[in-house]
Amino acid sequence: MAGQGDRAAKVADRIKEVIAKRLEKGLRDPRLGFVTITDVRVTGDLQHASVFFTVYGTDEERADSALALKAATGLLRTEVGKNLNTRLTPSLEFIADAIPENAASIEALLQEAQQRDEAARAAAATATYAGDEDPYVKPRDYDVDDDDDDLDDDDEKSVVE
């Protein structure tokens, strides 16, 4: 069964290459913008392929490119069928990848974390202790000469006698 997952991964890589080369040659659709194929995932039975893509440009260009890819699905599937050595050609589904949006949100989070770190460093530079500077209890120093003072005078006499 492990071989089946490996085969699906190889087929997915091959589909990615074929579609990318075909898009590089160009399609006759003027709506198609600068499209990058980011990932392809194929089901275990090799019947369906999900093709993830990103488009460089505005939201309108992304929507137009998605429509152009949807319109060219048959042509691209034919191209994939010619270049794959499988009995059946998988159906293709184009899905807009959210990488740019995710990258922007991660960058915003990193920027916020950096600002908080700088604020914490600034607060720590001017911070003072809430209580004593050294709040720990220190052990008492005992004098060695004071050990004999603990004995009563009566006890001394009985020890001497």
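Residues are numbered from 1 along each chain as its sequence is written. Because the model is predicted, local features need pLDDT of at least 70 and side-chain atom pairs count only at pLDDT 80 or more, while totals for chains, interfaces and linings use all residues, and side-chain values use heavy atoms, with hydrogens and water left out.

Three strands, in the order β1-β2-β3, form an open sheet with mixed pairing, where strands are DSSP runs of E with at least two residues and helices are runs of H or I with at least four, both numbered from the N terminus, and where two strands count as paired if DSSP finds at least two bridges between them. β1 and β3 stand at the edges with a single partner strand each, so one side of each is left without a neighbour in the sheet. Neighbouring strands are turned on average by 30° against each other, direction ignored; the axes behind such angles are lines fitted to C-alpha atoms, for helices over the stretch in contact, and angles run from 0 to 180 degrees between N-to-C directions.

Between β1 and β2 the pairing is antiparallel and extends over 8 bridges. Within β2, Y56 is the bridge partner of F34, and V55 stands opposite V35. The hairpin of these two strands has 5 residues between them, and there L46 takes a positive phi near 60°. Helix α2 lies across β1, β2 and β3, running at about 150° to β2.

Leaving aside residues up to four places away in sequence, I15 touches V40, V42, A49, V80, L84, P90 and L92, a contact meaning heavy atoms within 4.5 Å.

In α3, T73, L76, E79 and V80 are buried, that is, under 20% relative accessible area with a 1.4 Å probe and protein chains only, against over 50% for exposed and partly exposed in between. These residues cover an arc of only 125° around the axis, which puts them on the same side of α3, the arc being that of the directions from the helix axis to the C-beta atoms. R22, which lies in helix α1, touches L27, L75, L76 and E79 when residues up to four places away in sequence are not counted. R22 is classed as buried because its relative accessible area is 18%.
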